[in-house]
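Hi there,

Here is the structure I promised to pass on. Have a look at it first, and then read on for what turned up.

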Amino acid sequence: FQTVVLDPDPHSPAGLVSHQHIQTDYLDPIGLQKMAAACQAVTTEFENVPADALAQLATTMQVAPNAHAVAVAQDRRLEKSHFVNCGVPVAPFAVIASDADVEAVLKQAEGTSLMPGILKTARMGYDGKGQVRVRHPQELVHALQQLGGVPSVLEKMLPLKAEYSVIVARGHDGAMVHLPIQHNVHRDGILAMTQVWAGVCDSALEAQAISAAKSIAQELQYTGVLCVEFFVLEDNALVVNEIAPRPHNSGHYSLDACDISQFELQLRCMAGLPLTQPRLHSPAVMLNLLGDIWFGKLGEKSGSDPNFPEVLSLPGTHLHLYGKGEARKGRKMGHLTATASTQEQAHALANQAATILGIAAI
Ligand code: ATP
Ligand code: MG
């Protein structure tokens, strides 16, 4: 397939590796026309592409996922009501869109039952951005100000035992397949590591998560790759956190550890090719490489890259750098997947690589 990328960023990493880069705003009508003229199928990789841009393209061509599904994923309010409609449990929450909402939350007994909580902007959040912890009801007004007063959702802070995600792919014909369940570890609200192997999750919970992910995709009439993030609470209850309407960071390991990657699944969905169930051929641990590892211990930026050759000298490491121009703290610059014949070996290998790169042990 030949590919065209529309991205306003002149240094767009995807633009660098595609056949054509249309560098313009997502809603530029001329850019969208050029794209429609050049392409047979369109998808979105970045979650905050305006759903309107997809809706416009969909008037003349195949767009997957559909604009409605993307719009739902872009707004935590719509997203949560979708989960509720699907009968999948969510964290207790309240929508905070006005002063009256704040007062209502503070007045109701609910005001205290949602505390301690996290206030999350309804739109445009990612990697823990657009979130503020709210320990006491008195902090709510200030927290909302910190977020610029935009419509938000107050969520109860839950006692998490673990976090998992499930990636499903759904074809135009409604057929669905999924990647093996992924165990995710976050640091400071950012995905740090994903572990995947048989038995990484209790099998009853795994079945529950896969079935919830499928019904969420089904009810959206979704086409393409969808990631569903879950929390497992201390009492083993499964709660859905959010969805990402695209190949997801927690599925990147599939490039190196599965016989079909999440990216191939996306292509098959777009091209109307058959979907077959991916098979994990090696236990895998994926480490995210944040911009932080380009900085020294004293916080100064080092002039050179981390010691990637040493990491690559370890059998079973797979390095992916995205070609982003500037390393910044907290910015996802790439990832490293460690594959091995056993989960213990994959884990030890990832730890060895982490030590070389200056990432805290996992
Ligand atoms: P991303 O786009 O990177 O997935 P995000 O900015 O959309 O992240 P969330 O997924 O909502 O943010 O939250 C990021 C992380 O913060 C979660 O993976 C989890 O570790 C923690 N977190 C979020 N909500 C809660 C909650 N209600 N209770 C406990 N922990 C939470
Ligand atoms: Mg998340």
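Let's start with the ligand. Of the 20 residues around ligand 1, the ones that come nearest are Lys120, Gly128, Gln131, Glu163 and Glu242. Keep in mind throughout that this is a predicted model.

Two of those residues reach ligand 1 through their side chains. Lysine 120 places a polar side-chain atom 2.7 Å from an oxygen atom of ligand 1, and glutamine 131 has a polar side-chain atom 2.8 Å from an oxygen atom of the ligand. With lysine 156 the backbone is involved: one of its backbone N or O atoms lies 2.9 Å from a nitrogen atom of ligand 1. How much of ligand 1 does the protein cover? On its own, ligand 1 has 610 Å² of accessible area, and the protein covers 93% of that.

As for what the shell around ligand 1 is made of, it has nine charged, six nonpolar and five polar residues. If you want to find it by secondary structure, look at strand 6 (117–121), strand 8 (152–156), strand 9 (160–170), strand 13 (224–233) and strand 14 (238–244): each supplies at least two residues of the shell.

Now for the chain as a whole. It has 13 helices and 17 strands. Its radius of gyration is 21 Å, close to the 21 Å that the globule rule gives for 362 residues, so the chain is as compact as a globular protein of that length. The C-alpha trace spans about 60 × 50 × 45 Å along its principal axes. Among contacts between residues at least 6 apart in sequence, 59% join residues at least 24 apart.

Next, helix 4 (67–74). Is helix 4 mostly covered or mostly open? Mostly covered: six of its eight residues are buried. Those are Ala67, Ala69, Val70, Val72, Ala73 and Gln74. Part of the cover over these buried residues comes from helix 3 (51–57), helix 5 (76–85) and strand 14, and strand 14 is also one of the strands that supply the shell around ligand 1.

Alanine 64 and proline 65 are joined by a cis peptide bond, with omega at about 0 degrees. Proline 65 sits in the loop between strand 4 (62–63) and helix 4. Another cis peptide bond joins methionine 115 and proline 116, where omega is about -10 degrees. Proline 116 is in the loop between helix 7 (110–113) and strand 6, and strand 6 is another contributor to the ligand shell.

Two loop residues have backbone angles to check as well. Aspartate 188 has a positive phi of about 55 degrees although it is not a glycine. You'll find aspartate 188 in the loop between strand 11 (182–187) and strand 12 (190–196), where it counts as exposed because its relative accessible area is 77%. Glutamine 221 also has a positive phi, near 50 degrees, without being a glycine. Glutamine 221 lies in the loop between helix 9 (203–219) and strand 13, and its relative accessibility of 48% makes it partly exposed.

Is histidine 335 buried or exposed? With a relative accessible area of 2%, histidine 335 is buried. Its place is in strand 17 (residues 332–339), and its side chain makes a polar contact with the side chain of tyrosine 322 at 2.6 Å. Leaving aside residues up to four places away in sequence, the neighbours that histidine 335 touches include His252, Met286, Asn288, His318 and His320.

Glutamine 2, on the other hand, is exposed, with a relative accessible area of 66%. It belongs to the segment before strand 1 (4–6). Glutamine 2 and glutamine 56 are 54 residues apart in sequence, and C-alpha to C-alpha they are 22 Å apart in space.

Happy browsing!

Technical notes. Residues are numbered from 1 along each chain as its sequence is written. Chains are lettered from A and ligands numbered from 1 in the order in which they are written. This is a predicted model: local features need pLDDT of at least 70, side-chain atom pairs count only at pLDDT 80 or more; totals for chains, interfaces and linings use all residues. Side-chain values use heavy atoms; hydrogens and water are left out. Helices (H or I, at least four residues) and strands (E, at least two) are DSSP runs, numbered from the N terminus. Buried means under 20% relative accessible area, exposed over 50%, partly exposed in between (1.4 Å probe, protein chains only). A polar contact is a pair of N or O atoms within 3.5 Å; within protein, one must be able to donate a hydrogen and the other to accept it, and residues adjacent in sequence count only if both atoms are side-chain atoms. Contact means heavy atoms within 4.5 Å. A residue is near a molecule or strand if one of its heavy atoms lies within 4 Å of it. Accessible areas come from the Shrake-Rupley method with a 1.4 Å probe; for residues, only the protein chains shown count as cover. Ala, Val, Leu, Ile, Met, Phe, Trp, Tyr, Cys and Pro count as nonpolar, Asp, Glu, Lys and Arg as charged, and the others, Gly among them, as polar. The radius of gyration is taken over C-alpha atoms; the globule rule is 2.2 Å times the number of residues to the power 0.38.
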